[in-house]
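Student: I am new to this structure. Please take me through a single part of it closely, strand by strand.

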Amino acid sequence: MADAATDKPDIAESAMPMEDESTPERVEALLREHWGLSGQVFPVEENRGVGYLVDNGHLRYLLNIRLPTDEASLKLEHEVMRHIIRSPDGPQVCEPVPTRDDEEILPATIGGEDRILRLLTVLEGTAPAPVGKLSSATGVSLGGLAASLARSLVDFDQTLWGSEHEDELRKAGPRTVSLLSEVTDQEARDFIARAMVAALRRIHPLTPDFRVGLTVQDLALDILAGTDEGGELRATGITDLGGLAKGWYVSALAKTCARILSSRGGEPMSILPAIGAYHAIDPLNNSEIEALWPLVIGELALNAAIAENAKARAADNSEAASFAARAKDVLSAASAATAPFMQAAILTACGIEPPPLDIGPLLPDIDSDRVRLVDLGVTSPLFHDGNWTDADCDWRLLARIAWETGMGSTRYGEYRLSKATALADAAPDGEAEPANVALHVDICLPAGTPLMAPFTGMVTETSPRLSIRGSQLTLLLEGVATDLADGAEIAGQGVIGKVAGEDGAVGGIRIRLSRDPDNPPPLFCAPSQAGIWRHLAPSPAPLLKLDCDAPAVRPERIGRAWREFLYDEAGRIRLDFTGTAPLVGHGHPAVATAGYRQHMLAAVANGEIAVHDDLRQALAEVAPPSLGHVVLFAGRSEALAALTSLAVNAAPPGTSETGEAARADLPADEDIGEVISELRESDGDGEEPDEAAVPALKTGMTVIEPLPSIVGLVETIAIARKQGHIVVADETRTGYGRLGDAFWAIEQEGLSVDALLAGSCHGDTLSVVFCGSDLADGLYELSSPVSPIAAATALAALRVLRDEQMQANAATIGEILGHGLRQLSEDRNGDIEITGQGFFWKIQLSGEPAKIGPVLSRTVQHDTGNNGTILFLPPLCAGEQSVKQCLASLRQAFGPIPQSEI
């Protein structure tokens, strides 16, 4: 198999084309002879030369067939591979496999032509390039891979490598000009050219500080190895180092970011995970950080120019036109983000804190200790009964504090409750993020208070706001009377003007700082962008000499509850249909006032007090017929313990006087079964009692929960009575009008019971037992002390329930909820069962466990395993908009109807 003259293996038998000559069988023979390997051989596509994949059942290899002119570059590439492999921080790369003669490059004659061969190991876990959007996890892996590659080659002898990659971004400008010269679409050409020129203007002054080294400028997905986890590529290695070249490290990162952006439709924030991962391994310097976004825009502009050039060359090719349109759309979407904003976003992603401000005072005559800070956050005690929904609430509260104290100020970085997301704006498939983080400070001061320039600058605007632009910062003021004119220069501590207003009055000014002179910051930003805006719109605390920064919050914690709503500390709002809210809703002012007043009178029960009698009387007015006696207990467990004790130790109604005699008359277990069977057979509708409706029959007490549409309650009560049991209806979840049409479920179902157990209708620990005279005395003796505050709030809630006609609301709005749930069931061909009434609805699941998502899972009660349930238990104050929002979330969570069911 070797040519005697050249001593090179010849795997050709005739002068046929190379691709025909290098058959898998001949490649396998060559592998056996020179590498001692055997296995299955498959041809594979390669960017350069011809390749064969070799699989021997244990390991995989790649055989490259290349031109002899590539020998020097391949040897140098092998040096790089070994260098990366020795580096503890390097990514996974292929490794050259020497022949039996310890050669890494094997000369060969193929089809009468001189060729060279090399064998490389193949990285395990090679994943196909993902289609569609690149996820944040993929971005993290791509950024980390680019950084680890650059890091591992820092100490490689750069003098060995003289070439620069043709795609180096330093050549992007001239290439774009050349490409656009053939583009006839003037609008597209001008747009791309403007984007490139703007990017280059920002890049060029920074290039002297860029680090230069050996790296792969373009980590294309098809040269990467990794794992595919649920469609997400996590890149772990590089399969082809043919793109190695000396260039800017930051250019390679920019190309990776551009690839992510292209897959995400130009969404600027999508690149931040990759940048953060890169910086954690190979820290970027200040110039690289500042230039990174313009470099990304430059790469996108170059891509758009390439696409437009291809479109111009193939005018009738619809695919080329579509590709050009997509490239231009991505560039347009990305260009909407300003360079200063993205620089701040990149700094935040890299964990770099904003630099401190070195500026003078704005109000040198003010004693900052006398300024009272106004709490406008989610947990502020100044908010009650939804007053934060008033658009002018923040100003009203600030003005009131300032009037009382002379000076008052809002806080920078505060998550304002007044700006919390309106429910109508909340997305059903996720938690809507409010723009509620304050990037300004409003401060009320005596009118006429002088203001001094904190730094030297130029007046660029005087109306409707005053703007002073310095070398590093811009100061924006509102509510200032000034004689300054546009274009005026002002020195540090020069007089700006004074707080506007009549003498003796209190005036207000609004203060913002900005590091972007061309784009004033908004008054509020979203919580997810608060870190970015702290860079761009820093706190004015240094110029006020006042600690006016709001304390940090924990967004995952609930900070406030009101009506059917919960607000986390960041101001995001969600519904509470879990049944844990008081029946009258969270935070009712009448209930809060009653609790506060009772706390001032008597907070601890030391015997009977007036509020206990008042509560019993109010409860007696709504008691079910024949259960007019009311006994209060400190909690549900205490009430159940008392009922159980009474049932076991005293004669049940209608039996002998001793519990012993009554229990002696109970039928045997087999007799109980016969009774149940007889009752089932006699049931007119032929349905069996619900499992949950048939309790244990040996306790002396039977507890039923009269849930809507539950089957077999009458039969269960009959069985219990035949055994001499006390029958207790547990209406903790169904009472006080929750079902809408009836105040108590037993009234609606026509059930006769001995006692009814209910909560306080306010959701605290107090429990109530309604009973007849035969049980009343025994229960009174077993009752536990009740907190006067719990009694006072329960009494107030009961009055609210009546005065605000919440039972009627549960009937009306509950029907809307029920209609929506039934419609959902119909749309899904009945694969979910709906039962309920008023503000108590249940979805019975069947089949595979349901995935209802994080939003709905915190809105409702749920057990979403196989054949699980979802319960909807809104407070009785819930409105139509809230119910419709809940239904929208439910539809989103259940997803589209399978095509097979349509």
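Predicted model: local features only at pLDDT ≥ 70, side-chain atom pairs only at ≥ 80, totals over all residues.

Tutor: Start with strand E35, residues 840-844, and strand E37, residues 869-872. They pair in the antiparallel sense, over 4 bridges. Within this pairing, Lys842 stands opposite Leu871 in E37. Keep your eye on E37. Strand E36, residues 861-863, runs antiparallel to E37 and is joined to it by 3 bridges. Here Gln861 stands opposite Leu871 in E37.

Now step back for context. The protein has 26 helices and 37 strands. Of its 902 residues, 51% are buried. Its accessible surface comes to about 40,400 Å², and carbon and sulfur atoms account for 50% of that. Take the contacts between residues at least 6 apart in sequence: 72% of them join residues at least 24 apart.

Elsewhere, there is an open sheet of 8 strands with mixed pairing. Its order is E13-E14-E16-E24-E20-E19-E18-E22. Strands E13 (372-373) and E22 (489-490) stand at the edges. Each has a single partner strand, so one side of each is left without a neighbour in the sheet. Inside the order, E16 (residues 441-446) and E24 (residues 506-514) run antiparallel, joined by 6 bridges. Ile443 stands opposite Ile509 in E24. Finally, find helix H12, residues 393-405. Helix H12 lies across E13, strand E14 (408-409), E16 and E24, and runs at about 35° to E16.

Conventions:
Residues numbered from 1 in each chain as written. Heavy atoms only, no water. Pairing = 2+ DSSP bridges. Helix = DSSP H or I, 4+ residues; strand = E, 2+ residues; numbered from the N terminus. Contact = heavy atoms within 4.5 Å. Axes fitted to C-alpha atoms, helices over the stretch in contact; angles between N-to-C directions. Buried < 20%, exposed > 50% of the residue type's maximum accessible area, 1.4 Å probe, protein only. Areas by Shrake-Rupley, 256 points an atom, 1.4 Å probe, with all protein chains shown as cover.
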